[in-house]
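Reader: I'd like to talk through the pockets in this one. Can you put the model up first?

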Amino acid sequence: MEDIIFAINAVLPIILMIMVGYILKKLGLLEEENAKKLNTLVFRIFLPVMLFLNVYKIEDFGAIDLTFVFYAVGITILLFLIGIPVMHVLFKDNRQRSVMLQGIFRANYALVGIPLAESLFGSEGSIMASLLSAFIVPVFNILAVICLTVFSAGDKKPSLKGVLIGIAKNPLIQGIACGLLALGVRAAFVQLDIDFRLSQITPIYKTLQNLSSVATPLSLLVLGARFELSAIPTLKKHIIIGTINRTVIVPLIGISVAVLLNRFSGAQFATFVSCFCTPVAVSSVPMSQEMGADADLMGQLVVWTTVFSSLSIFIASYVLKAIGIF
């Protein structure tokens with residue numbers, strides 16, 4: 001019973017925030033046009049700042065188990081590569097192919113995964129999850145840019161230059177890159193025996209924290225405001241396939257292969273649950289909108305995978321506890 005309550009508590013606040021956004025739309029307080037503009041603001045300002053701080057807060061890269069990182073990144077890339085031909089076979093619209101492919105590999109790691117890992121394995125799980133975020137979140141976003149660029153190209157062959165430019169211009173990747181740069185500067189100061197951190201510039205750091213804190217609630221409110229129940233019948237096939245992919249097939253592959261390898265710690269498994277059992281990333285909606293993909297379908301996948309991911313989280317945590325990993 002505790003596991004069920006835990007899984008529900010992990011995703012219920014997200015669902016409730018989405019519902020609030022939907023209610024605000026119905027009350028006329030958050031109209032479609034305003035929601036689109038806020039989506040853009042979230043994508044270009046709030047989420048990049050949040051990712052910057054997530055990276056900057058990492059204390060010790062030397063504590064990273066490279067095998068653990070390689071596994072999470074490797075499985076993510078494998079899912080991406082397997083998903084490309086599958087999406088080509090199942091769907092004809094490139095705008096939907098790019099969305100359905102993101103629904104396979106792109107987890108809501110930044111918003112749900114890190115706190116989930118802490119809930120599963122305490123401070124050790126949180127540390128592992130934060131360390132992995134510096135690698136897995138850029139991979140999510142780079143792969144997303146690639147699939148959005150490739151599938152948006154239509155009959156034209158996408159150029160490597162175009163893909164690289166798309167990656168370089170992505171605000172989320174820029175936020176992570178700035179975080180890594182700040183970490184490098186901080187490390188250099190340590191080597192020079194200079195006691196200085198960005199957090200010591202209180203007005204600037206506090207402003208960054210405030211901007212970061214807006215990212216999650218505003219993303220969810222906007223998602224709710226853009227959610228349309230009337231779109232479900234026309235997108236029923238996509239929603240069912242996308243939800244099964246994200247909440248059944250991906251957790252089965254990501255967790256079971258790690259169990260068979262039998263070389264990871266409980267804290268590392270907590271981050272695997274966070275990476276493979278969590279719903280589709282909320283940030284994929286504004287990004288899909290910005291790059292011309294089917295943002296409405298993306299929003300549907302985020303909502304429905306969020307609803308059903310509680311079951312995935314429960315089953316994964318229950319099984320891992322039963323076999324003695326947790």
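This is a predicted model: local features need pLDDT of at least 70, side-chain atom pairs count only at pLDDT 80 or more; totals for chains, interfaces and linings use all residues.

Reader: How much space lies in the largest pocket, and which residues are closest to its centre?

Author: The space in there comes to about 360 Å³. The lining is made up of 18 residues. Those closest to the centre are P251, L252, S312, I315 and A316.

Reader: Which helix gives the most to that lining of the largest pocket?

Author: Two helices, α9 (236-261) and α12 (295-322), each put in at least two residues. The top contributor brings nine residues to the lining of the largest pocket, and that's α9.

Reader: And how many charged residues does the lining of the largest pocket have?

Author: Go through it by class: 14 residues are nonpolar and four are polar.

Reader: On to the second largest pocket: which residues are closest to its centre?

Author: This pocket holds about 230 Å³ of space. It is lined by 14 residues. Closest to the centre you'll find M50, N54, K57, A110 and I114.

Reader: Which helix supplies the largest share of the lining there, in the second largest pocket?

Author: Three helices each supply at least two residues: α2 (32-56), α5 (109-152) and α8 (202-226). The largest share is five residues, and it comes from α5.

How values were computed: Residues are numbered from 1 along each chain as its sequence is written. Side-chain values use heavy atoms; hydrogens and water are left out. On a 1 Å grid over the protein atoms alone, a cavity is a set of points where a 1.4 Å probe fits but cannot get out, and a pocket is an open set with protein on both sides within 12 Å along at least five of seven lines; lining residues have an atom within 4 Å of a point. Grid points are joined across faces, edges and corners, and a volume is the space filled by probe spheres set on the points. Helices (H or I, at least four residues) and strands (E, at least two) are DSSP runs, numbered from the N terminus. Ala, Val, Leu, Ile, Met, Phe, Trp, Tyr, Cys and Pro count as nonpolar, Asp, Glu, Lys and Arg as charged, and the others, Gly among them, as polar.
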